[in-house]
Each structure stands twice: as C-alpha cells, then as structure tokens.
Amino acid sequence: MASRDVSSQSNIGIMKVEGDGSFKRKASTYRDFITKDGKFAPEAGRYHLYVSYACPWATRCLIMRKLKGLDDLIGVTVVSPRMGENGWPFATADEFPAADADPLNNAQHVKDIYLSIEPDYSGRFTVPILWDKKLKTIVNNESSEIIRMFNSEFGDLVGGKPDYYPESLRKDIDELNEWIYPSINNGVYRSGFAGTQEAYEKAVKEVFEGLDKAEKILSSKKYLTGDTLTEADIRLWVTIIRFDPVYVGHFKCNIRTIRGGYPAINKWMKDLYYSKDLPAFRESTNFAHIKTHYYWSHTHINPTRIVPVGPDSDIEPL
C-alpha cells in the first residue's frame, strides 16, 4: 500500500496562507500535562525534549530547562536546521554541526515520530516535542505549556530554583504574553509569511508597535515585570535575539533594527545573553542554526537558499 502523502504537513515551502494573504498559525495538537497525580508524573529520566536551535518556540523550552536545573532529568535531541521537503531532519538524514541522531526512536525526520504514534496525524510536524520514554508517546508539543511544566512540576526533584511564573506576578505576566505573542513573537512570522502587500504592511506595523511598547517598559525596568526575571522575558527574548540576524532581512521587518532603534531592548537582550549568572540564554542560542534554518528552509521566500554573512556581529558586545 502506498504511503500517505504528508508533504503539506512537512514542507514549509508549500505552506498556504489565508484568502486575504495573511498567515495564521495552527494550534498545537498534543496538550497533555505532567502532574504529580496524573498519567504523566514528574520522574527523573522519563522525558525527552526534541528541539531545534533555530526555532524560537523550542528555544523557550531549552532556556527554561536550564534555568530550572533539569539538564540531568530531561534529555535533549537537536535536529538539523535545514528543514526540507520532509520537515525537520535528524543528523542521520542531514548531518550538520551540533545536530543529533535520534537516540530513542531512530527517526530520520521529526515527522516519523508523529506518524509512529498516530499514522493519520493531520497537523504540522513541529518542535518542540516533549516525549515520554515510558509510554512511548508525545506528551505535549506546545512550548508555552512545556515551559510551565518545567517551571512548576519538577520542584521535588530539583529544589531551590526560582519560580518564573510566580503567583504574585501572574496577572502581569499573562497581560504581557497576551500582546507580545501576536504582535512580536508571531508578528514577525505574519510579516515574513504574508502573501499580499496589504497583509504584510498590517503585520509589520503591528510588530513595531509591539517593539515600541516593549521599549517603553524596558526603559524604566530591568525586566518586563520589574526586578524579577519571568517567563514573559524568556518568551520575548527568543524573538529579539533573532531579530537583527534574521527577521530584519528575511521577514522584511526592516523599519528599525534592535541595535539601531531600541536601546533599552538591546541592553536587556545583551544583559541576558552575556549573563554569567544566567548562562541558559547564551547556551541555548546557536546563530549558525538560526540563520541557516530561515534562509535555507523557506524557499518560498529565499529560493536560492543563500545564507547572508552579516550582520558583522550576530549580537553586539556589552
């Protein structure tokens, strides 16, 4: 029997936009939670994280995993940044520096993991994936929920770590996330993947309105909520670190650069990247993966797959 054609789920080059030319991201489909009294209990060595260094959503999870001291409890496998017709490949399908083979399922591509547990799966083959080695299934593929689990559910195994979604700041964090995600995190994609001039101009305007708002906040605060680093900072940071190297050119978000137009955001970004006390940010960032992925993989935007050599520095020194 012929295998099912899943190219529309794996090949971003044939991705479709809405009738008005706008890009609308589909919701993640695996949404189970790790909880002490649930089907997926917090256990050392039980879970594994599949990620791409290029993907901002996956990088959220890498940063939180490190901040919470979960490195020895939850393993990580990194895919190659060159996402082609079959989607994200592992190193056995596309050897690339700092990419890994799949040690658990021997998959060649991320799609193989999805189809191994759900042959009729109809969603996108995305990372991050939080995998349960015990039940051999996907727990969750929504980064905003994975970081919450990492933050809250493993405290008994690795105590003494800060809470990045503290009760006292949850209202502020939720309000920040509510506008940062559509205007900035997903806004750069809405700009870059727009299929009409009108859709692009609407999206890019909203990106810079969001950046203006973040600049105003960070002009008077160390972090988005004040003196406390929270998940809101992590969620914004993964987009900002990619902005000048990729989004300015590739996604046409070129009204201003971060380094040239947003001094408070730039300082906040650099302070976290170069922090000796918080190495999770720098250790979770690989600019070669980031730049290669966007410029090589999005052939509907960059058909030559030429990866730019600039900017002079991916991030400026402190």
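Predicted model: local features only at pLDDT ≥ 70, side-chain atom pairs only at ≥ 80, totals over all residues.

Residues are numbered from 1 along each chain as its sequence is written, and side-chain values use heavy atoms, with hydrogens and water left out. Helices (DSSP runs of H or I, at least four residues) and strands (runs of E, at least two) are numbered from the N terminus.

**Helix pairs**

- Two packed helices are described by the angle between their axes and the distance between the axes.
- The axes of α2 (residues 56–67) and α8 (residues 231–247) come within 9 Å and cross at roughly 130 degrees, where axes are lines fitted to C-alpha atoms, for helices over the stretch in contact, and angles run from 0 to 180 degrees between N-to-C directions.
- That angle makes α2 oblique to α8; angles under 35 degrees count as roughly parallel, over 145 as roughly antiparallel, 65 to 115 as roughly perpendicular, and the rest as oblique.
- The crossing of α2 and α8 is right-handed, a crossing being right-handed if the near helix is turned clockwise from the far one by less than a right angle, and left-handed if anticlockwise.
- In α2, the residues Pro56, Thr59, Arg60, Ile63, Met64 and Leu67 meet Glu231, Ile234, Arg235, Trp237, Val238, Arg242 and Tyr247 of α8, contact meaning heavy atoms within 4.5 Å.
- The residues of this contact of α2 with α8 comprise 8 nonpolar, 1 polar and 4 charged (Ala, Val, Leu, Ile, Met, Phe, Trp, Tyr, Cys and Pro count as nonpolar, Asp, Glu, Lys and Arg as charged, and the others, Gly among them, as polar).
- The axes of α5 (residues 170–185) and α7 (residues 197–218) come within 8 Å and cross at roughly 140 degrees, and these two helices are therefore oblique to each other.
- The crossing of α5 and α7 is left-handed, and the residues of their contact divide into 7 nonpolar, 2 polar and 2 charged.

- Ser143 lies in helix α4 (residues 143–152) and is buried, with a relative accessible area of 3%; buried means under 20% relative accessible area, exposed over 50%, and partly exposed in between, for a 1.4 Å probe and protein chains only.
- The side chain of Ser143 makes a polar contact with that of Arg60 at 2.9 Å, a polar contact being a pair of N or O atoms within 3.5 Å, of which, within protein, one must be able to donate a hydrogen and the other to accept it, and residues adjacent in sequence count only if both atoms are side-chain atoms.
- Leaving aside neighbours within four places in sequence, Ser143 is in contact with Trp57, Arg60, Cys61 and Pro128.

**Backbone features**

- Most residues other than glycine have a negative phi, and most peptide bonds are trans.
- Pro128, in the loop between α3 (110–117) and β3 (129–132), is joined to Val127 by a cis peptide bond with omega of about 10 degrees.
- The peptide bond from Gly310 to Pro311 is also cis, with omega near 0 degrees, and Pro311 is found in the segment after α12 (287–297).
- Ala98 has a positive phi near 70 degrees and, at 44% relative accessibility, counts as partly exposed.
- Asn106 has a positive phi near 55 degrees and is exposed, with a relative accessible area of 59%.
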